[in-house]
Amino acid sequence: MSNYKIRSVETIIIDLPLHRIQKFAAVGARTTAVVLIRITTEDGLEGIGECCTPSGPWWAGESVESIKLMIDDHITPQIVGEDVFNIRGIVRKVDRVLFGNAFAKAGVEMAFLDLQGKIANIPVCNILGGKQRSSLQCSWPLATGLAEAEIEEAESQIASGRFNLFKLKMGFLDPEQDVARACTVARSLEGKAKVRADPNESWDEATCKWAIPKMENAGIDMIEQPVARWNFDGTARITERSNSAIMMDESVCTVQDMLRIAQLHACDLVSLKIMKSAGLWNSRRIADIALSSGISIYMGTFLECSIGTAAGMQLAATLESLPYGGELSGPCLIAEDIAVRPARYENFELQLEDGVGLAVEVDEDKVSALRRDRNYTVHAASG
Ligand SMILES: [Mg+2]
């Protein structure tokens, strides 16, 4: 009789350099960090998960340091001894003792799903509804703020065959300058690629009134989270006025957020992210509510490495309709990865790998080289 009870949970902070600076409205980053999670059963089977923030706690209030602490001190004691297939019971148990901390919970759930898939000998997409697609067109972030350099970067991505969708990160320049930059980039890529924009909540409604029509004229076809995350009514008004698609991201973290957005029909499109919604199952629920209310879905990211990206692709594989694609591009932005076979981008699409669980394997040498506590040693059990 197999024993699928959880014996141990390990969390490791890993620092990853980026190929270039990545600017967000709030911060500019040259490195990112992830938490690798390993969950082991009494039988010695292992599931892996990743927690990733967009280079710090500005997005959700969680950092890799807080994530590690919350998992080690508050989540692990709740799950050791539990059955790996009892996800709903485990989530309820953890939620009773730990409010919020969606990113930490998401990485743990990811490891559970990896483990379930490995035990059942099926990919995670088969647990979540079955494979509806085997690849996903993803956007590449343009986030340096320098239009000429961004055009060059986009051209080289198109030439590489990996990306022909682009998302301009906005909000770190003043709006006049930022909109001029966005229009320059979009006009020069016209006919070659689609360009979207994400001000990450940095505008007000008055700015949207002049900025969005200008960007639409330049060919930008989707604008993400232009105003503050709490401003559902404002976003509904912006959506009503705009010809381009308006997407909510920061505004939709929980199932309850999605219900409210659906009632208001506050946007055209919502970004799904495993981290912000505490896992793949909640993301799946949000997708179902969105689709049931006529709102389209998009596969978002926090620029995870190949572990979290594999989880994103497993979820995306279950979603038959992603009219604007997604943005699972983290593995191409980080200069070092911790997967044996990093995510594959071919014919402008991220490919779903064959395999069980998340269908991704950790490169132990890379983990040893990049882990933050590099003087960590594994002690062999005595006797
Ligand atoms: Mg966003």
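Colleague: Where is Lys-169 found?

Modeller: Lys-169 sits in strand E6, residues 165–169. Helices (H or I, at least four residues) and strands (E, at least two) are DSSP runs, numbered from the N terminus. This is a predicted model, where local features need pLDDT of at least 70 and side-chain atom pairs count only at pLDDT 80 or more, while totals for chains, interfaces and linings use all residues. Residues are numbered from 1 along each chain as its sequence is written, and side-chain values use heavy atoms, with hydrogens and water left out.

Colleague: Thanks! Now the helices: how do I read the angle between H6 and H7?

Modeller: Axes are lines fitted to C-alpha atoms, for helices over the stretch in contact, and angles run from 0 to 180 degrees between N-to-C directions. Angles under 35 degrees count as roughly parallel, over 145 as roughly antiparallel, 65 to 115 as roughly perpendicular and the rest as oblique. Here the axes of H6 (residues 175–189) and H7 (residues 205–217) come within 9 Å and cross at roughly 15°, so the two helices are roughly parallel to each other.

Colleague: Which residues of H6 and H7 make the contact?

Modeller: Contact means heavy atoms within 4.5 Å. On H6, the residues are Pro-175, Glu-176, Val-179, Ala-182, Cys-183 and Arg-187; on H7, they are Thr-207, Trp-210, Ala-211, Lys-214, Met-215 and Asn-217.

Colleague: And what does UniProt list for "active site"?

Modeller: The unreviewed UniProt entry lists Lys-169 and Glu-327 under that name; such annotations may be inferred rather than shown by experiment. Although spread over 159 residues of sequence, they cluster in space, with a largest C-alpha distance of 12.5 Å.
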